[in-house]
Every structure is written in structure tokens, then in C-alpha cells.
Amino acid sequence: MPSNPPPPQTLVNSLASLQAPPTRRSIVSWVDAAGEHTVQLQDRTLVGSAAESAIVIADPTVSRLHAEFHFDERGLWVRDLGSRNGTFVENVMVREARIETGSKIRMGGTTLKLGSEMTTEVGPQFWPAHRFGPLVGGSASMRRLFASLARFAATDLSILIQGETGTGKELIARAVHDASPRKQGPFVIVDCAAVPDALFESELFGHVKGAFTSAVAAREGAFEAADGGTVFLDEIGELPIAMQPKLLRVLESRTVRPVGSSEHRRVDVRIVSATHRDLRTMVNAGAFREDLYFRLAGVPILVPPLREHPEDIPLLVETILGRVPPPELLAATANRPWLGNVRELRNFIERARAVGPQQALQMGGQASTPETTTTSQTAEGASAVTSALKSVAFKQSFREFRDAWLEIGEREYLTRLLTQHSRNISGAAREAGLDRTYLHRLVRKHLL
């Protein structure tokens, strides 16, 4: 890891010299109502009957956003996006499957055949450093991600960042802003999961004095506050369906109308959004507007979970610690699923600083499989809580001891609750009998 990495623009310029040699690329061919087609697959290729899809199939039995082709280190995959009638590989219905040259993939009444061809297409492949702004990673997947971020940061395209909870989506949004021509402008964050439904319009677009009972003064919304810079809409998948057409109008007109005002105000902002949910499956389920999805996903960015690039863990640990980590700490981070990704790794490092690696692992309460909670896991969790309690000093006031014990209990409860619900805040809040906004507050307090 370089101690003094060159500035982003220097590295962006150096990408021009990084070119991939001619190679074989995957293609798909099919025949539909519009004729015969052959398309070369990109890293991620959306397939559907919607005109905005990368592969448009003229077949009414194909869903608007039907499936996606994507590459990873293991090969080429096809994934169904909750289509009406499924995706079939060699006549077997699949949710996701790895495919090879010659495979036949059926979507609706159309069959696509996977082939390959030589291409002389060249272009930037890997970012030439282990850093991009606040982001670190030396693996192939992360350096490809950094190269993509560098290319698209220079544009004004809307970016949709998709990834599991804890993968650093906000840091990515910040890195894009800092590498863009708008870097001198404001960077305004809106956490869509933490805004009460009734206040969304005011939060985004502002309000005038007297617009509603508690509006004792005029308030600037996020879009006006970010004028000349970037608005980051975190957890955009939680945006209420009633707010979606209002946001779409703002994205199309680049004007906002504060609540209670008849005046439209022009804003100059770049939109970066993030979500841990798949908006395309939400589109097919009627929970998210298709036109808004395509407006937000001018550039879709997928962040790999930590388990898919574990070779980056030593570099991440060193970055978090600010020094070379001791061997026992690195050993404790190996072979863990890291369901909470980099966020969970950071929390573990902070605990390990205080109580040591082994006890920090016990306090984490991370089950080996998120889907089930077994008797042995319950026993391990109880043991972890007991160990954590031992770390609380008894030579302090009762109030201080009680607060420390409550913090341990709340953290353990939240960890298990979110694991049981695959980190779905809405489902976890319903089971816990808590308001979703309050649960977000607890998560930020204990797990972020």
C-alpha cells in the first residue's frame, strides 16, 4: 500500500495506457419479432423487453426487466430478476446459473444461444493503485471497480451503487464526488431508510414557512442544499412508492418545488444513489417505478461483498489500524463469513483493540450460517455475552455498569435480529415491535 498515493487525476490519466489485449468475448444470439440479433456481453448486461435494457427482446412474453448476464472470477452467469415466467437454462428453470459457450437460455418464448468471438476492443481494465480516494483494495475485483468509478466520476451520469449492507456504498459515493468536476461543491446525504414517510417531500425539496403545523421557518431541501454538487440518496429502495413520481419529475426537469410553494427552483446536482436491494426485482414486483430505475441507474455499479475478495482483508485491517497488524489479529480475521462486510470487520478491529482478537470474535456473535439459529449457536451467543460482561469493569458506579451492560445486550440482540432477517430493516423492525426509524438509530449506535 503506497504511503503517498498519487492524486486521482494522475491515475485517471494513466488508465489510457492500460489496455486489454485482443481476446475472446462472449456473445448471445437470438431471433425475435424484430429479426436476428447478436450482442456482445459486457460485465453486466440487462435483458428484457423494456427499450432501455442493454439487450431488448421484442417478445411480449419476456418481462420488462427479465434477467441479467454478469461475469465474475468463476465465469459467466445468468440471473432471473423475478420475471413473470422464469428463466431457463437447457430447459431447467433457474434463479441463477453459470453458463458456458453453447448454452441455450430461454426467456419467455425466445431462446438465446451463448457463443464467443474474437475482439480487438481495448480499454482500461484495472486501476493502477490500491487506493481510490478513501477506498482501498488490491484484488482484481476492487481494482476493476476503481477503474469504473474513475471513468464515470468524470461524467455527470446518475450512478446507482448496489451492494450488501456494510460494503462501503457511502464511501464509494464520496469517492465519486471527490474525483468529479463537482468536488468543490457540496455533498449532501439523504438516508431514505431513516426519513419518516410524511417528511420525505420536505427533506428532499424543502418547505416554506407555514407549509404545515411544525414549519415555523422556511427550510432548504437536500436538492437545493447540494446545488453545484452531489446528492447521495442512500437506501433508495426504501423510497415510498408515492414519492417516486415526485422524485422522477425532479430528475427530469432539474427543478424543485418546496412544500407549500408555487415556485419551481432550478437546481444543478449530480445524483448518486445506493441500495442493498435489487431494484429490478422490485420493478417486476410493482414496488419500484421502471422509469425511475432507469433514471437513477445511468451507471449501475455493483460492489462485491467482502467474502468474494478475502485477499483484501489484510490491507483493510492495516488501513483501519493505521499500522501493520499483529499476526494473531490477521489470523483471527481469516475464514470468517463477514456477513456485515467491511463494516463488521471494522467493528471487530475496534473490539479487538480493547479486549483482544479471540474475545472480540466471541463478542461479535457471528453465526456460521445466517439462515438458521441452532441450539449450539444460542449457547455460543450466551457464552459471548458472558465473556463480554466480564470485560465490563465492576469498579465503577452502578449507573455506569448498567449502561455498559445494556449496550452489550442491545448489540447482541440487534446482531441476532438482523442476521435472522438477512439484514432487512423493515422485517426486523416488525418482529421487534419497533419503528423502522428507531431501529436504524439503534443500528447506527451499536453496529456502524
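Trp-338 is buried, with a relative accessible area of 4% (buried means under 20%, exposed over 50%, and partly exposed in between, using a 1.4 Å probe and protein chains only). This is a predicted model, where local features need pLDDT of at least 70 and side-chain atom pairs count only at pLDDT 80 or more, while totals for chains, interfaces and linings use all residues. Residues are numbered from 1 along each chain as its sequence is written, and side-chain values use heavy atoms, leaving out hydrogens and water.

Trp-338 sits in the loop between α10 (327-333) and α11. Helices here are DSSP runs of H or I with at least four residues, and strands are runs of E with at least two, numbered from the N terminus.

Arg-254 belongs to the loop between α6 (244-253) and β17 (255-256).

Now for a sheet. Five strands form an open sheet in the order β4-β3-β5-β6-β9, with mixed pairing (two strands pair if DSSP finds at least two bridges between them). Its edge strands, β4 (55-56) and β9 (96-99), each pair on one side only. Inside this order, β5 (residues 67-72) and β6 (residues 75-80) pair in the antiparallel sense over six bridges. Glu-68 has Arg-79 in β6 as its bridge partner. In general, strands of a sheet pair through backbone hydrogen bonds, either parallel or antiparallel.
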